[in-house]
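Dear colleague,

Please find below the structure that I am handing over to you. My findings follow directly after it.

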Amino acid sequence: MAEELGVWIVGARGAVSTCVISGARAVARGLAPTTGLVTEVSDFKPLGLVDLQRLVFGGHELRSEVTLSGAAHELRDGPGLLPPKLVAALEDDYAEIDKDIRPATAIGCGSTIRKMTGCSPLEDTLTPALLVEQLASDIADFRRRHELRRVVVVNLASTEPYHERLPACYESPKALRKALRNGGEGITAGVLYACAALSSGCAYVNFTPSLGAEVPALLELAREKGLPHCGKDGKTGETLMKTVLAPMFVARNMKVMSWEGYNMLGNRDGAVLDDPVNNAAKTKGKDKALREILGDNAELHTRVRIDYCPSLDDWKTAWDFVHFQGFLGTKMIMQFIWQGCDSMLAAPLVLDLIRLTDYAWRCGETGVMKHTACFFKDPLEGETHDFWRQWDALKAYAHSHAAVSPHRHRSTEKGKRV
Ligand code: NAI
(Lines give C-alpha, C1' and ligand atoms only; values in the text may rest on other atoms or scores of the structure.)
Protein backbone atom coordinates (compact mmCIF):
# COMPACT_ATOMS: atom_id res chain seq x y z
CA MET A 1 0.00 0.00 0.00
CA ALA A 2 1.17 3.56 -0.76
CA GLU A 3 2.80 5.37 2.14
CA GLU A 4 1.27 8.33 3.92
CA LEU A 5 3.08 11.65 4.08
CA GLY A 6 3.06 13.85 7.18
CA VAL A 7 2.48 17.58 6.64
CA TRP A 8 3.28 19.72 9.67
CA ILE A 9 2.03 23.28 9.24
CA VAL A 10 3.34 26.21 11.29
CA GLY A 11 0.37 28.59 11.56
CA ALA A 12 -2.01 25.64 11.27
CA ARG A 13 -5.23 27.55 11.93
CA GLY A 14 -4.44 30.48 9.62
CA ALA A 15 -6.35 31.30 6.46
CA VAL A 16 -3.92 29.72 3.98
CA SER A 17 -3.47 26.63 6.14
CA THR A 18 -7.23 26.16 6.56
CA CYS A 19 -7.63 26.38 2.77
CA VAL A 20 -4.73 23.93 2.24
CA ILE A 21 -6.26 21.38 4.61
CA SER A 22 -9.82 21.90 3.31
CA GLY A 23 -8.62 21.70 -0.30
CA ALA A 24 -6.58 18.52 0.21
CA ARG A 25 -9.46 16.80 1.98
CA ALA A 26 -12.05 18.04 -0.53
CA VAL A 27 -10.05 16.79 -3.52
CA ALA A 28 -9.26 13.51 -1.77
CA ARG A 29 -12.97 12.92 -1.11
CA GLY A 30 -13.94 13.83 -4.66
CA LEU A 31 -15.81 16.94 -3.46
CA ALA A 32 -13.78 19.45 -5.49
CA PRO A 33 -11.81 19.59 -8.76
CA THR A 34 -8.05 20.13 -8.94
CA THR A 35 -8.19 23.54 -10.69
CA GLY A 36 -5.28 25.71 -9.55
CA LEU A 37 -2.95 22.79 -8.73
CA VAL A 38 0.11 23.09 -10.94
CA THR A 39 1.20 19.52 -10.23
CA GLU A 40 -1.99 18.22 -11.84
CA VAL A 41 -0.93 19.37 -15.33
CA SER A 42 0.30 16.67 -17.69
CA ASP A 43 4.05 17.43 -17.31
CA PHE A 44 3.98 16.13 -13.72
CA LYS A 45 1.84 13.03 -14.21
CA PRO A 46 4.74 10.64 -14.93
CA LEU A 47 6.47 11.54 -11.65
CA GLY A 48 4.07 9.64 -9.43
CA LEU A 49 3.68 12.47 -6.93
CA VAL A 50 2.01 11.67 -3.64
CA ASP A 51 -1.81 11.55 -3.78
CA LEU A 52 -3.55 14.27 -1.77
CA GLN A 53 -5.49 11.59 0.07
CA ARG A 54 -2.21 10.31 1.55
CA LEU A 55 -1.47 13.59 3.38
CA VAL A 56 -1.75 13.53 7.17
CA PHE A 57 -1.90 16.99 8.77
CA GLY A 58 -0.74 18.42 12.07
CA GLY A 59 1.03 21.60 13.14
CA HIS A 60 1.91 24.41 15.50
CA GLU A 61 -0.37 27.37 16.13
CA LEU A 62 -0.34 30.38 18.47
CA ARG A 63 -4.09 30.93 18.56
CA SER A 64 -5.79 28.61 21.00
CA GLU A 65 -9.12 30.47 21.13
CA VAL A 66 -10.15 29.08 17.76
CA THR A 67 -10.29 25.49 16.52
CA LEU A 68 -9.57 24.41 12.95
CA SER A 69 -13.31 24.06 12.43
CA GLY A 70 -13.75 27.58 13.84
CA ALA A 71 -11.13 28.86 11.38
CA ALA A 72 -13.05 27.22 8.53
CA HIS A 73 -16.28 28.82 9.78
CA GLU A 74 -14.55 32.23 9.75
CA LEU A 75 -13.61 31.74 6.10
CA ARG A 76 -17.10 30.48 5.29
CA ASP A 77 -18.99 33.29 7.04
CA GLY A 78 -16.57 36.21 6.50
CA PRO A 79 -15.04 36.40 3.02
CA GLY A 80 -17.19 33.47 1.84
CA LEU A 81 -14.23 31.38 0.70
CA LEU A 82 -15.31 27.93 1.79
CA PRO A 83 -18.75 26.74 0.64
CA PRO A 84 -21.04 25.82 3.62
CA LYS A 85 -21.67 22.35 2.20
CA LEU A 86 -17.96 21.64 1.96
CA VAL A 87 -17.27 22.83 5.51
CA ALA A 88 -20.11 20.63 6.80
CA ALA A 89 -18.71 17.61 4.95
CA LEU A 90 -15.23 18.15 6.46
CA GLU A 91 -16.17 18.70 10.15
CA ASP A 92 -14.88 15.26 11.20
CA ASP A 93 -11.58 15.90 9.39
CA TYR A 94 -11.15 19.27 11.12
CA ALA A 95 -11.82 17.71 14.54
CA GLU A 96 -9.37 14.87 13.91
CA ILE A 97 -6.60 17.19 12.63
CA ASP A 98 -7.11 19.62 15.52
CA LYS A 99 -5.90 16.88 17.90
CA ASP A 100 -2.49 17.19 16.18
CA ILE A 101 -2.14 20.96 16.54
CA ARG A 102 0.26 22.02 19.30
CA PRO A 103 1.05 25.31 21.09
CA ALA A 104 3.63 27.46 19.34
CA THR A 105 6.29 30.07 20.02
CA ALA A 106 6.12 33.79 19.16
CA ILE A 107 9.74 34.52 20.00
CA GLY A 108 11.04 37.43 17.91
CA CYS A 109 7.67 37.84 16.14
CA GLY A 110 7.09 41.42 17.30
CA SER A 111 4.26 43.02 19.21
CA THR A 112 1.61 42.97 16.46
CA ILE A 113 1.61 39.18 16.13
CA ARG A 114 1.64 38.79 19.90
CA LYS A 115 -1.30 41.16 20.32
CA MET A 116 -3.32 39.48 17.59
CA THR A 117 -2.75 35.97 18.73
CA GLY A 118 -2.21 36.16 22.49
CA CYS A 119 1.14 35.18 23.97
CA SER A 120 2.43 31.68 23.52
CA PRO A 121 2.75 29.64 26.68
CA LEU A 122 5.98 28.09 25.42
CA GLU A 123 8.72 30.69 25.71
CA ASP A 124 7.85 31.95 29.16
CA THR A 125 9.77 29.07 30.64
CA LEU A 126 12.04 27.83 27.84
CA THR A 127 15.40 28.89 26.38
CA PRO A 128 15.65 28.88 22.55
CA ALA A 129 17.41 25.49 22.70
CA LEU A 130 14.60 24.03 24.79
CA LEU A 131 12.04 25.60 22.46
CA VAL A 132 13.61 23.84 19.47
CA GLU A 133 13.62 20.62 21.48
CA GLN A 134 9.93 21.04 22.31
CA LEU A 135 8.97 21.85 18.71
CA ALA A 136 10.99 18.88 17.42
CA SER A 137 9.46 16.59 20.01
CA ASP A 138 5.93 17.65 18.93
CA ILE A 139 6.80 16.69 15.35
CA ALA A 140 8.39 13.41 16.49
CA ASP A 141 5.25 12.49 18.47
CA PHE A 142 3.10 13.19 15.41
CA ARG A 143 5.39 11.05 13.29
CA ARG A 144 5.26 8.19 15.76
CA ARG A 145 1.49 8.31 16.34
CA HIS A 146 0.75 8.18 12.61
CA GLU A 147 3.67 5.85 11.75
CA LEU A 148 5.03 8.30 9.18
CA ARG A 149 8.39 7.79 7.49
CA ARG A 150 8.48 11.30 6.11
CA VAL A 151 7.14 14.64 7.35
CA VAL A 152 7.32 17.89 5.38
CA VAL A 153 7.20 21.01 7.59
CA VAL A 154 5.59 24.06 5.96
CA ASN A 155 5.80 27.57 7.41
CA LEU A 156 2.46 29.36 6.93
CA ALA A 157 2.70 31.58 10.02
CA SER A 158 2.30 35.37 10.05
CA THR A 159 5.10 37.45 8.55
CA GLU A 160 7.79 38.27 11.12
CA PRO A 161 9.54 41.66 11.40
CA TYR A 162 12.10 42.38 8.69
CA HIS A 163 15.85 42.32 9.45
CA GLU A 164 17.86 44.76 7.35
CA ARG A 165 20.94 42.64 8.09
CA LEU A 166 21.08 38.95 8.89
CA PRO A 167 21.28 38.58 12.70
CA ALA A 168 24.81 37.50 13.65
CA CYS A 169 23.44 34.44 15.47
CA TYR A 170 22.44 32.91 12.09
CA GLU A 171 25.77 33.37 10.37
CA SER A 172 27.19 29.94 11.24
CA PRO A 173 26.16 26.71 12.99
CA LYS A 174 28.50 27.64 15.87
CA ALA A 175 26.89 31.08 16.33
CA LEU A 176 23.43 29.51 16.23
CA ARG A 177 24.34 26.84 18.79
CA LYS A 178 25.63 29.55 21.12
CA ALA A 179 22.50 31.70 20.70
CA LEU A 180 20.24 28.71 21.27
CA ARG A 181 22.00 27.99 24.55
CA ASN A 182 22.25 31.54 25.84
CA GLY A 183 19.46 33.35 24.00
CA GLY A 184 20.52 36.02 21.58
CA GLU A 185 19.51 39.13 19.76
CA GLY A 186 17.71 38.37 16.54
CA ILE A 187 16.37 34.92 17.49
CA THR A 188 13.08 34.47 15.62
CA ALA A 189 10.41 31.79 15.65
CA GLY A 190 10.70 31.13 11.90
CA VAL A 191 14.31 30.02 12.20
CA LEU A 192 13.56 27.93 15.30
CA TYR A 193 10.80 26.08 13.39
CA ALA A 194 13.16 25.47 10.46
CA CYS A 195 15.85 24.29 12.88
CA ALA A 196 13.40 21.94 14.63
CA ALA A 197 12.25 20.58 11.25
CA LEU A 198 15.71 19.90 9.86
CA SER A 199 17.21 18.60 13.09
CA SER A 200 14.35 16.10 13.42
CA GLY A 201 14.87 14.88 9.84
CA CYS A 202 12.01 16.69 8.08
CA ALA A 203 12.06 18.46 4.72
CA TYR A 204 11.02 22.10 4.91
CA VAL A 205 9.04 24.64 2.86
CA ASN A 206 8.97 28.36 3.72
CA PHE A 207 5.93 30.00 2.11
CA THR A 208 6.39 33.20 4.17
CA PRO A 209 8.83 36.11 3.82
CA SER A 210 10.25 35.36 7.30
CA LEU A 211 13.75 33.95 7.78
CA GLY A 212 13.90 30.16 7.65
CA ALA A 213 16.22 27.45 6.35
CA GLU A 214 18.12 29.85 4.07
CA VAL A 215 20.24 31.25 6.92
CA PRO A 216 23.86 29.95 6.63
CA ALA A 217 23.58 28.09 9.95
CA LEU A 218 20.73 25.97 8.59
CA LEU A 219 21.83 25.57 4.96
CA GLU A 220 24.64 23.45 6.34
CA LEU A 221 22.29 21.46 8.59
CA ALA A 222 20.01 20.63 5.63
CA ARG A 223 23.00 19.35 3.65
CA GLU A 224 24.32 17.33 6.59
CA LYS A 225 20.93 15.72 7.13
CA GLY A 226 20.39 15.10 3.40
CA LEU A 227 17.14 17.06 3.31
CA PRO A 228 15.56 19.18 0.55
CA HIS A 229 14.03 22.57 1.28
CA CYS A 230 12.62 25.54 -0.60
CA GLY A 231 11.30 29.09 -0.17
CA LYS A 232 10.53 31.82 0.20
CA ASP A 233 7.32 33.88 0.17
CA GLY A 234 4.71 32.40 -2.16
CA LYS A 235 4.25 34.20 -5.49
CA THR A 236 0.49 34.25 -5.86
CA GLY A 237 -0.89 37.57 -7.13
CA GLU A 238 0.55 40.96 -7.94
CA THR A 239 4.17 39.74 -8.01
CA LEU A 240 3.14 36.82 -10.21
CA MET A 241 1.63 39.32 -12.67
CA LYS A 242 4.73 41.52 -12.51
CA THR A 243 7.12 38.68 -13.23
CA VAL A 244 4.92 37.47 -16.09
CA LEU A 245 4.60 40.93 -17.69
CA ALA A 246 8.00 42.54 -17.05
CA PRO A 247 9.85 40.11 -19.39
CA MET A 248 7.58 41.36 -22.22
CA PHE A 249 8.97 44.89 -21.91
CA VAL A 250 12.50 43.48 -21.98
CA ALA A 251 11.73 41.27 -25.01
CA ARG A 252 10.27 44.22 -26.96
CA ASN A 253 13.19 46.49 -25.95
CA MET A 254 10.85 49.00 -24.33
CA LYS A 255 12.10 51.14 -21.49
CA VAL A 256 10.11 51.00 -18.27
CA MET A 257 10.47 54.31 -16.46
CA SER A 258 8.15 53.72 -13.50
CA TRP A 259 6.33 50.71 -12.09
CA GLU A 260 4.16 51.61 -9.11
CA GLY A 261 2.27 48.86 -7.31
CA TYR A 262 -0.45 49.52 -4.77
CA ASN A 263 -1.98 46.64 -2.80
CA MET A 264 -4.90 46.59 -0.37
CA LEU A 265 -5.93 43.61 1.69
CA GLY A 266 -8.10 43.15 4.71
CA ASN A 267 -7.45 39.72 6.24
CA ARG A 268 -5.29 38.90 9.30
CA ASP A 269 -2.21 38.82 7.04
CA GLY A 270 -3.11 42.39 6.04
CA ALA A 271 -3.50 43.43 9.67
CA VAL A 272 -0.02 42.05 10.50
CA LEU A 273 1.46 43.78 7.43
CA ASP A 274 -0.10 47.04 8.66
CA ASP A 275 2.79 47.17 11.14
CA PRO A 276 5.74 48.77 9.23
CA VAL A 277 8.29 46.33 10.70
CA ASN A 278 6.39 43.33 9.31
CA ASN A 279 5.44 45.16 6.10
CA ALA A 280 9.08 45.73 5.13
CA ALA A 281 9.67 41.97 4.88
CA LYS A 282 7.00 41.73 2.19
CA THR A 283 7.65 44.86 0.15
CA LYS A 284 11.41 44.24 -0.15
CA GLY A 285 10.78 40.84 -1.78
CA LYS A 286 8.16 42.24 -4.13
CA ASP A 287 10.39 45.08 -5.35
CA LYS A 288 13.45 42.88 -5.80
CA ALA A 289 11.75 40.75 -8.46
CA LEU A 290 10.97 43.68 -10.73
CA ARG A 291 14.41 45.24 -10.47
CA GLU A 292 16.11 41.96 -11.29
CA ILE A 293 14.08 41.54 -14.50
CA LEU A 294 14.14 45.14 -15.71
CA GLY A 295 17.69 45.88 -14.62
CA ASP A 296 18.53 47.84 -11.52
CA ASN A 297 19.18 51.17 -13.23
CA ALA A 298 19.05 54.50 -11.42
CA GLU A 299 16.40 55.93 -13.79
CA LEU A 300 13.86 53.22 -13.04
CA HIS A 301 11.39 54.24 -10.34
CA THR A 302 9.58 51.44 -8.55
CA ARG A 303 7.47 51.39 -5.43
CA VAL A 304 5.38 48.77 -3.69
CA ARG A 305 2.82 49.70 -1.08
CA ILE A 306 0.61 47.42 0.94
CA ASP A 307 -2.25 48.93 2.94
CA TYR A 308 -4.73 47.34 5.27
CA CYS A 309 -8.35 47.72 4.13
CA PRO A 310 -10.47 45.62 6.55
CA SER A 311 -13.66 45.45 4.46
CA LEU A 312 -11.82 43.66 1.61
CA ASP A 313 -11.00 40.71 3.88
CA ASP A 314 -9.24 38.02 1.80
CA TRP A 315 -10.04 39.67 -1.55
CA LYS A 316 -6.76 41.41 -2.20
CA THR A 317 -6.88 44.23 -4.72
CA ALA A 318 -3.74 45.45 -6.47
CA TRP A 319 -3.40 48.32 -8.92
CA ASP A 320 -0.22 48.52 -10.96
CA PHE A 321 0.74 51.53 -13.04
CA VAL A 322 3.52 51.10 -15.61
CA HIS A 323 4.92 54.11 -17.44
CA PHE A 324 7.16 53.11 -20.34
CA GLN A 325 8.83 54.44 -23.47
CA GLY A 326 8.71 52.97 -26.96
CA PHE A 327 10.09 53.96 -30.38
CA LEU A 328 11.32 57.59 -30.68
CA GLY A 329 10.87 57.99 -26.96
CA THR A 330 7.04 57.81 -27.13
CA LYS A 331 5.63 57.54 -23.61
CA MET A 332 2.86 55.01 -22.98
CA ILE A 333 1.01 53.57 -19.99
CA MET A 334 -0.09 50.10 -19.00
CA GLN A 335 -2.29 49.59 -15.93
CA PHE A 336 -3.85 46.49 -14.45
CA ILE A 337 -6.09 45.70 -11.52
CA TRP A 338 -5.76 42.32 -9.87
CA GLN A 339 -8.56 41.19 -7.59
CA GLY A 340 -7.50 37.85 -6.24
CA CYS A 341 -8.65 35.74 -3.34
CA ASP A 342 -5.35 35.51 -1.50
CA SER A 343 -5.73 32.27 0.41
CA MET A 344 -7.27 30.40 -2.53
CA LEU A 345 -4.38 31.46 -4.75
CA ALA A 346 -1.88 30.31 -2.14
CA ALA A 347 -3.42 26.99 -1.03
CA PRO A 348 -2.94 24.93 -4.21
CA LEU A 349 0.66 26.16 -4.53
CA VAL A 350 1.37 24.97 -0.99
CA LEU A 351 0.01 21.54 -1.94
CA ASP A 352 2.19 21.56 -5.09
CA LEU A 353 5.25 22.39 -3.00
CA ILE A 354 4.49 19.61 -0.51
CA ARG A 355 4.25 17.09 -3.36
CA LEU A 356 7.42 18.35 -5.08
CA THR A 357 9.38 18.40 -1.81
CA ASP A 358 8.33 14.86 -0.99
CA TYR A 359 9.32 13.80 -4.52
CA ALA A 360 12.75 15.46 -4.33
CA TRP A 361 13.29 13.79 -0.96
CA ARG A 362 12.38 10.36 -2.33
CA CYS A 363 14.84 11.03 -5.19
CA GLY A 364 17.61 11.58 -2.62
CA GLU A 365 17.96 15.26 -3.55
CA THR A 366 19.47 17.53 -0.94
CA GLY A 367 19.52 21.27 -0.30
CA VAL A 368 17.72 24.12 -2.03
CA MET A 369 15.13 22.98 -4.59
CA LYS A 370 16.03 25.56 -7.24
CA HIS A 371 13.45 24.17 -9.66
CA THR A 372 10.62 25.49 -7.44
CA ALA A 373 11.62 29.15 -8.02
CA CYS A 374 8.41 29.92 -9.98
CA PHE A 375 6.40 29.43 -6.76
CA PHE A 376 8.27 32.15 -4.82
CA LYS A 377 8.65 35.93 -4.73
CA ASP A 378 12.16 35.60 -3.34
CA PRO A 379 13.40 32.18 -4.49
CA LEU A 380 16.39 30.76 -2.65
CA GLU A 381 19.43 30.58 -4.92
CA GLY A 382 17.02 31.60 -7.67
CA GLU A 383 18.80 32.47 -10.89
CA THR A 384 15.97 34.64 -12.17
CA HIS A 385 12.65 36.19 -11.17
CA ASP A 386 11.33 35.90 -14.75
CA PHE A 387 8.28 33.66 -14.39
CA TRP A 388 8.66 32.11 -17.85
CA ARG A 389 12.27 31.10 -17.33
CA GLN A 390 11.35 29.72 -13.89
CA TRP A 391 8.44 27.77 -15.38
CA ASP A 392 10.71 26.33 -18.10
CA ALA A 393 13.14 25.23 -15.36
CA LEU A 394 10.36 23.45 -13.46
CA LYS A 395 9.13 21.68 -16.58
CA ALA A 396 12.70 20.70 -17.51
CA TYR A 397 13.09 19.19 -14.03
CA ALA A 398 9.84 17.24 -14.45
CA HIS A 399 10.76 15.99 -17.92
CA SER A 400 14.27 14.94 -16.91
CA HIS A 401 12.87 12.95 -13.98
CA ALA A 402 9.88 11.56 -15.85
CA ALA A 403 11.63 8.52 -17.21
CA VAL A 404 12.76 7.28 -13.79
CA SER A 405 10.27 6.02 -11.23
CA PRO A 406 10.42 7.55 -7.72
CA HIS A 407 10.87 4.04 -6.31
CA ARG A 408 14.19 3.76 -8.11
CA HIS A 409 15.12 7.15 -6.74
CA ARG A 410 14.19 6.09 -3.23
CA SER A 411 17.10 3.67 -2.99
CA THR A 412 19.53 6.57 -3.60
CA GLU A 413 21.20 7.71 -0.42
CA LYS A 414 21.55 11.37 0.47
CA GLY A 415 23.96 13.63 -1.33
CA LYS A 416 22.62 14.51 -4.77
CA ARG A 417 22.17 18.25 -4.94
CA VAL A 418 18.94 19.54 -6.45
P1 NAI B 1 -3.12 34.26 8.78
O2 NAI B 1 -2.88 35.38 9.70
O3 NAI B 1 -4.53 33.95 8.42
O4 NAI B 1 -2.48 32.93 9.34
C5 NAI B 1 -1.28 32.90 10.03
C6 NAI B 1 -1.47 31.99 11.22
O7 NAI B 1 -0.20 31.83 11.83
C8 NAI B 1 -2.41 32.57 12.28
O9 NAI B 1 -3.35 31.60 12.65
C10 NAI B 1 -1.48 32.93 13.44
O11 NAI B 1 -2.09 32.77 14.69
C12 NAI B 1 -0.38 31.91 13.24
N13 NAI B 1 0.92 32.31 13.79
C14 NAI B 1 1.48 33.54 13.79
N15 NAI B 1 2.71 33.48 14.31
C16 NAI B 1 2.94 32.19 14.62
C17 NAI B 1 4.03 31.49 15.19
N18 NAI B 1 5.14 32.13 15.54
N19 NAI B 1 3.92 30.16 15.36
C20 NAI B 1 2.80 29.49 15.01
N21 NAI B 1 1.72 30.10 14.50
C22 NAI B 1 1.80 31.42 14.28
O23 NAI B 1 -2.24 34.57 7.46
P24 NAI B 1 -2.36 33.85 6.05
O25 NAI B 1 -3.13 34.72 5.14
O26 NAI B 1 -2.76 32.46 6.23
O27 NAI B 1 -0.83 33.92 5.54
C28 NAI B 1 0.11 33.07 6.13
C29 NAI B 1 1.52 33.42 5.67
O30 NAI B 1 1.66 33.16 4.27
C31 NAI B 1 1.89 34.89 5.89
O32 NAI B 1 3.24 34.99 6.29
C33 NAI B 1 1.74 35.47 4.49
O34 NAI B 1 2.51 36.62 4.29
C35 NAI B 1 2.24 34.30 3.66
N36 NAI B 1 1.83 34.38 2.27
C37 NAI B 1 0.50 34.39 1.92
C38 NAI B 1 0.13 34.53 0.58
C39 NAI B 1 -1.28 34.55 0.17
O40 NAI B 1 -2.17 34.41 0.96
N41 NAI B 1 -1.56 34.68 -1.10
C42 NAI B 1 1.15 34.68 -0.46
C43 NAI B 1 2.50 34.62 0.03
C44 NAI B 1 2.81 34.47 1.34
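Predicted model: local features only at pLDDT ≥ 70, side-chain atom pairs only at ≥ 80, totals over all residues.

Residues are numbered from 1 along each chain as its sequence is written, and side-chain values use heavy atoms, with hydrogens and water left out.

- A polar backbone atom of Ala157 is 2.8 Å from an oxygen atom of the ligand.
- A nitrogen atom of the ligand lies 2.7 Å from a polar side-chain atom of Tyr193.
- An N or O atom in the side chain of Asp269 is 3.2 Å from an oxygen atom of the ligand.

On its own the ligand has 840 Å² of accessible area (Shrake-Rupley method, 1.4 Å probe), and the protein covers 99% of this.

I also examined a sheet. Four strands (DSSP runs of E, at least two residues) form an open sheet with mixed pairing, in the order E8-E7-E9-E10; two strands pair if DSSP finds at least two bridges between them. At the edges are E8 (301–308) and E10 (331–341), each of which pairs on one side only. Strands E9 (residues 315–325) and E10 run antiparallel and are joined by eleven bridges; Gln325 has Lys331 in E10 as its bridge partner.

Yours sincerely

How values were computed:
Polar contact = N/O pair within 3.5 Å; in protein donor to acceptor, adjacent residues only side chain to side chain.
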